[in-house]
Amino acid sequence: MSGIIDGRRWLENRLAHLQAQLQDDAGLSDDNRKAIETEIAELKAELASSRRRFRRFIFWGGRPTGM
């Protein structure tokens, strides 16, 4: 199904793209570098959060938590 977005894969691809931009810093201004580094930190936090949610889903078997 081409219409479904895999959020984790998108995050990983975006993170790789931003890290490549930092490696090839031809013409990056300080503001752009800071913005990229900030987004990288946010992406890493989101990936860590998604891993925790997945482990929690596996542990609880996808059952509702009762809320």
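A salt bridge is defined here as a side-chain nitrogen of Lys or Arg lying within 4 Å of a carboxyl oxygen of Asp or Glu. The structure is a predicted model, in which local features require pLDDT of at least 70 and side-chain atom pairs are counted only at pLDDT 80 or more, whereas totals for chains, interfaces and linings use all residues. Residues are numbered from 1 along each chain as its sequence is written, and side-chain values use heavy atoms, with hydrogens and water left out.

Under this criterion the structure contains two salt bridges. In one of them, the side chains of Arg8 and Glu12 meet with an N to O distance of 3.4 Å. Arg8 and Glu12 stand four residues apart in helix H1, a separation of about one helical turn. Both residues are partly exposed (relative accessible area between the limits for buried, under 20%, and exposed, over 50%; 1.4 Å probe, protein chains only), with values of 34% for Arg8 and 33% for Glu12. The salt bridge between Arg14 and Glu39 has its closest N and O atoms 2.9 Å apart. This pair links distant parts of the chain, since Arg14 belongs to helix H1 and Glu39 to helix H2, 25 residues apart. Arg14 is partly exposed at 26% relative accessibility, and Glu39 is likewise partly exposed at 24%.

The protein comprises two helices and zero strands, both assigned as DSSP runs numbered from the N terminus (helices: H or I, at least four residues; strands: E, at least two). Leu11, Leu15, Leu18 and Leu22 are buried in H1. Viewed down the axis of H1, the buried residues fall within an arc of 70° and so line one face of the helix, the arc being that of the directions from the helix axis to the C-beta atoms. The face of H1 turned away from its buried side carries the exposed residues Arg9 and Gln23.

In soluble globular proteins, nonpolar side chains tend to be buried together. With neighbours within four places in sequence set aside, Ile40 is in contact (heavy atoms within 4.5 Å) with Leu15, Leu18, Gln19 and Leu22.

Gln19, located in helix H1, is partly exposed, with a relative accessible area of 33%. Residues up to four places away in sequence excluded, Gln19 touches Ile40 and Lys44. The C-alpha atoms of Gln19 and Ile40 are 7.6 Å apart, although 21 residues separate the two in sequence.

Overall, buried residues account for 15% of the 67 residues in the protein. The protein exposes about 5,700 Å², of which carbon and sulfur atoms supply 54%; accessible areas come from the Shrake-Rupley method with a 1.4 Å probe, and for residues only the protein chains shown count as cover.
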